[in-house]
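This report describes selected features of a protein model. Please consult the sequence and the structure shown here alongside the text.

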Amino acid sequence: MSIASSRITTRRPHPLRWARQRIDAWVLGRVPRQHGPVTVTRNRVYIVPTRFGWGFALMLLVMLLGAMNYSNSMAFALTFLLGGLGLVCMHHTHANLVQVQLRAGRTRPVFAGEMAHFELLIDNPAARPRYALSCTWARGMAQGSSMDVPAGSYCSHSLAAPAPRRGWLDSAIVEISTEFPLGLFHAWTWAHLDMRCLVFPRPAAPGLPPPLTAGEGGSLGQARSGQDEFSGLRNYQRGDPLRSIHWKSLPKSVTPMVKQFSESVERALWLDWSATPGATVEERLSRLVRWVLEADAEGRAYGLDLPDTRIAPGHGEFHRHDCLRALALFQLPAPGADV
Amino acid sequence: MSDYLPHHALLRLLAVLALVIAPHLLRLPLWESLAVAALLGWRALASARQWALPPQALKLLLASVAFLAVYQFYGRVTGQNAGIALLVLMLSLKLTEMRSRRDVMVVVFLMYFLLVTHFLYSQELWTVLYLLTSSVAITSVLIDAHHPGEPLPLRQSWRMGGVMILQSLPLMLLFFILFPRIPGPLWGLPTDAGPTRSGLSDSMSPGDISQLILSEEVAFRVSFDTRPPPPEQLYWRGPVFTSFNGRTWTASSEDLKRRIPAEIEVLGGEVRYDLTLEPMRSRWLLALDMPDPRRLPDKARVDRNGALVLDRPLIERRQIQGRSFTRYRLDAQADAALLDQDMEYPPWSNPRTQALARQWREQGLDPPRIIDAALRMFREQEFVYTLEPPLLGRHSVDDFLFETRRGFCEHYTSAFVLLMRAADLPARVVTGYQGMEANRFGDYYVVRQSDAHAWAEVWLADRGWVRVDPTAAVSPERIERGARELFEGVRATSGLFGAYTDWRERALMTWDWVNAYWNGWVLGYGPEVQQLFLSFFGLDSVRNMLLALTAGITLVLLWIGAGAFGRAQAPATTERALLLWQRAGRRLARIGYVQRADEGPRDFVERVREREPALEAALDTLLDTYLRLRYAGEQDRALEIRLAAAIKHLRRPRP
């Protein structure tokens, strides 16, 4: 169950739309979840007249009655031409969407409470551009911005969804739609791409320092003093704090060098589940996330000790990601089981 | 407060709006044309300079003022002219609010609607061009309105609009031909409906100014199935006037009410013809003297005077399959009470004419002699046939007969009929057309407004109503050669100038021929013509028409849809290495790996290899052979076979 789709059920019910919602639910329930590029085939494109389409039809009816009343051949001709235009427009709107390919793009992890952004890539394999395709969540209320996809090229679009809980956030069903060229018809397709976003627990409020664990590190402040023993230089890795860069060697070497300080294992900060205050699992996780973030900002080596996982002390972006991921997925069923 | 359309798109919309309104501006009152032009100009400036649009109260005020102004000018807000004036004003005022897509759509739909109103005034051949151009223009505005952000290049949106209109044309043709037509009107027509054209008048007052006879407009075209009658029998019968007030001849209101048909006995000289009558807002149809009472055109009846009458004025072009007999007997046994009406005249008017007729009667002349006396007077005394007669006074017939003696058919007929009545003979005025002009290009004849004519009928015992044309007594050439030729004089037919006039005449005739077909087959395509045309193809019932229409539309749409779908597909790849690579991509996608847009083949295969060690060998072969075939330029069949074989191994390993 994903977040975006849960909004469907919480929408204010409207008696007139009840039937439509039932039909939508039935159709949406049958949209298969797919890994790879989804080609929008002909039988997956739905098309209905817009309210302007109905207005156009009404105008044609009035014109037809007028032409009959006046027995005016040119009025008949114009009415029939516009009637033909409406039918032709239906095919053009349909062709503007059909054979488009959808792919999942990159999705960056977020913290709970933030908005997750799912990137969707829209491929246009045809030799002619696609105009004014818009991309939203299926049956979402938000109006998506629309874009052109040049011939033989692709276009990326990012869809936002709130991420209230930690763990994997699955993408909801996306809707690609178009009303180009005349706005008389609304053509759309639904696709459920296998996209998911890792949601880290929400960081707790800062202020509470990690507790001193017996025989180990101690508070961040104390541990800092022990870092000052210089032990050598190593290559720069992403995530190293700026102040540890060895600026003097920068002109001489190809890659920046980072000063390394001797750290004994005992002096590294161990973030221990059992020593973390908090009434619930979620509160403890939030606290640990905050400590991970603080330690990372300090450039301090830290390890994570959870009941089922133990991550050795380290630093850098990958280490931080591993720790946050472990916290995000703590005691959650394996991915795939909840699909 | 901002506009829905970007500045450029709005300017395009304004230009198209100007195009759609332009033909109406000539017909609208001057103040309205100026107001519309001012609104368009102001709107363009407001968009360029980012002026604020007027507040709600001002817009309401403007709309009310527009409403009142139209009411003031036309005396009403309904009807054809006032309605269009109001529509144009409201459409221009709508420009002051263009904030949402809805506003733009309303403007565009109104533009389409306004386009149709032009055809109430003119349906000539050139309007087709106007229809197509304007449709493409409005459609391109609609395309602009649905393209967010920067508008498409002008050429491109016009091209798209043009393509869509072009594709709609076959559908239009199918609908036009096969959509079952029903005879109109569905409801009452406004009294000012239809184009304003001159035609035969409802009354005749010799001595007033007459312009009709100089008009070169086409009254009707006619083609004959039988031999055309000789010129002296080419009398096209129109309105018949029986009541005279001393100056003006009109149709008797009694006749209109009573609906007693004339008794026509046909004797011979059958003529069959197809007549395409231009709409002249007349209640009379034209027919060659005398129409066959057994085969009357639809919705027409013969009135007491032998004229074909419609219950409603004719505002559309009409095709009539006519059958007439040039030898006939009309009302030989007429009711004496009815004939009395045809002998009435105001006793106080034209005393000298009355005195002359009384003199003939007192001489004991029988009716044919009296007629002869009148005609002899016209022939032997100094009467002149002219299209520019002097104006006549209160006793118009007296003035004409005894003073001016210059006039055309109306004058002679009026004087003649009054003479007959004063001599106690029933007589009446018949108006219509006399003569015709052959179109050498097509096999038909044209009758113009300048062929309008008036003649007299006198009732004689046992013979009924007999046609007498007093104009023929004065100017026999008028009857034999037609009015136009008579007044144009002898044409130069020799030398260079002659060649030029000949060429010009040929061009004019060709143009008239094209117009004749246009009028007959396109504009005259009503229920009757449709029935006639479609019965050639066996589509004589509404059910068959609808079936054929549905089938045709479906076929055309299938064709258009297939074309659009084909263009939506990727162009076919012929390079075999790429096709194989695409096949590999599909297989890998099935087990969860998709090449990202930012990944080359090498990065992609590396990524899969890291996660799927079981596929390592196949993946290595895949990458190696593909790179060699596609990028190193090796053309080797064996490599392709190896690549294809490697692809077969790309599947999730069984646990």
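Domain bounds are taken from an automatic or database domain assignment. For chain B, that assignment gives the domains tabulated below.

| Domain of chain B | Residues |
|---|---|
| domain 1 | 7–178 |
| domain 2 | 203–488 |
| domain 3 | 527–562 |
| domain 4 | 576–648 |

Between domain 1 and domain 2 of chain B, the C-alpha centres are 48 Å apart.

The model is predicted: local features need pLDDT of at least 70 and side-chain atom pairs pLDDT 80 or more, while totals for chains, interfaces and linings use all residues. Residues are numbered from 1 along each chain as its sequence is written, with chains lettered from A and ligands numbered from 1 in the order in which they are written.

Chain B places 55 residues in contact with 51 residues of chain A (contact: C-beta atoms, placed from the backbone, within 7 Å). On this side of chain B, helix 7 of chain B gives the largest share, nine residues. Helices are DSSP runs of H or I with at least four residues, and strands are runs of E with at least two, numbered from the N terminus.

Strand 16 and strand 17 (residues 302–305) of chain A are parallel, joined over four bridges, and L271(A) has L304(A) as its bridge partner.

Terms used:
Pairing = 2+ DSSP bridges. Contact = placed C-beta atoms within 7 Å.
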